[in-house]
Amino acid sequence: AAALGLVVSLCGYIINDPIASYADRQILTFRQEVLGQQLETDKPFDPPSTRDKKGNLQSTVHIDGGFNLRDRIAKKVYITIYQPDGEPAAIFYAQSAHPAGGFDSKVWQLDDVQVIDVQTWQVHKWKTLNTRELPAAPLRGTILGQSPDVLATLAALKADPNSFPFRDLQRAIKMVGNRGYAGDPDVLTAHVALWNKIALPLAALIFALVGAPLARRPQRTSKVTGWILSLPIIMVYYVLYTIMGSVARSGNCSPAFAAFLPDLIGLAVGAGLVWKRSVN
């Protein structure tokens with residue numbers, strides 16, 4: 001039973017990771033092509049704030065209109081600049097922002113820009129504004145905090161982390177994590193999805209280890225008893241799986257621990273049942 005459960009787990013991993021993730025990517029591409037749309041997400045997100053060496057807040061950015069994955073265009077960009085004492089100095093709003101150069105450039109061009117001077121409440125407008133021209137040091141070269149490729153990866157993780165194969169998802173999480181996004185809720189969600197690619201298929205092995213000793217019953221016992229016992233086992237596993245995923249996504253525990261805890265508990269229960277049956 002354990003060997004069969006292991007085979008099912010391996011098959012589940014193969015179907016869940018390389019096959020299903022490839023299918024998700026193809027479905028996304030096909031859907032966008034049929035609708036005549038570009039690959040993009042309209043979900044808002046917030047790049048990390050910019051701080052000086054002393055930890056004082058310098059700028060914050062909010063991208064309200066999402067991010068175009070193909071052209072690396074951020075939409076409806078709000079930027080707040082802070083004075084050294086922490087008071088807001090100016091608020092920028094741009095209809096869109098795109099890299100002024102290659103996709104690895106950290107210099108951005110803002111389009112249809114409005115700048116509000118908080119001290120005087122004067123509004124200044126530009127059709128285009130290159131961030132290299134800005135006098136504010138936090139924004140001169142890194143107005144959105146990261147290069148377009150990093151933001152594009154973050155947007156893709158927010159759109160559907162399950163469309164990444166395991167290794168690609170692992171690399172994407174590591175890249176955005178090294179750039180200050182490790183605590184982002186959507187990155188944590190992607191991290192949980194990463195380990196679930198292994199932990200969820202293992203459930204077949206765990207259920208086999210738990211179910212095999214429970215299947216040993218006296219001849220007079222009805223087969224319905226096995227079905228009755230299986231339902232609460234599956235229910236407990238699913239509830240624990242859902243709760244731990246929510247805890248990990250909130251940042252209160254490790255994503256790997258959350259993904260594998262239901263399997264570890266099931267493994268302990270299965271080992272105990274096997275030992276008890278072997279003794280009896």
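Modeller: Happy to! Lys197 lies in helix 5 (helices are DSSP runs of H or I, at least four residues, numbered from the N terminus). This is a predicted model, in which local features need pLDDT of at least 70 and side-chain atom pairs count only at pLDDT 80 or more, while totals for chains, interfaces and linings use all residues. Residues are numbered from 1 along each chain as its sequence is written, and side-chain values use heavy atoms, with hydrogens and water left out.

Lys197 has a relative accessible area of 2%, so this residue is buried (under 20%; exposed is over 50% and partly exposed is in between, with a 1.4 Å probe and protein chains only). At 3.1 Å, its side chain reaches the backbone oxygen of Phe164. Leaving aside residues up to four places away in sequence, Lys197 touches Tyr13, Asn16, Asp17, Ser21, Asn162, Phe164, Pro165, Phe166 and Leu169 (a contact means heavy atoms within 4.5 Å).

Now to the helix itself. Helix 5 (residues 185–199) packs with helix 8 (residues 255–279) at an angle of about 30°, their axes 8 Å apart (axes are lines fitted to C-alpha atoms over the stretch in contact, and angles run from 0 to 180 degrees between N-to-C directions). The two are therefore roughly parallel (under 35 degrees; over 145 is roughly antiparallel, 65 to 115 roughly perpendicular and the rest oblique). Their crossing is right-handed (the near helix is turned clockwise from the far one by less than a right angle; anticlockwise is left-handed). Helix 5 brings His191, Val192, Trp195, Asn196, Ile198 and Ala199 to the contact, and helix 8 brings Pro255, Ala256, Ala259, Phe260 and Asp263. Of these residues, eight are nonpolar, two polar and one charged (Ala, Val, Leu, Ile, Met, Phe, Trp, Tyr, Cys and Pro count as nonpolar, Asp, Glu, Lys and Arg as charged, and the others, Gly among them, as polar).

Helix 8 has another partner: helix 6 (residues 203–215) packs with helix 8 at about 25°, with axes 8 Å apart. This pair is therefore roughly parallel too, but the crossing is left-handed. Ala203, Ile206, Leu209, Val210, Pro213 and Leu214 of helix 6 meet residues of helix 8 including Asp263, Gly266, Leu267 and Arg277.

From Ser278 to Pro213, it is 65 residues in sequence and 8.9 Å in space, C-alpha to C-alpha.

How values were computed:
A polar contact is a pair of N or O atoms within 3.5 Å; within protein, one must be able to donate a hydrogen and the other to accept it, and residues adjacent in sequence count only if both atoms are side-chain atoms.
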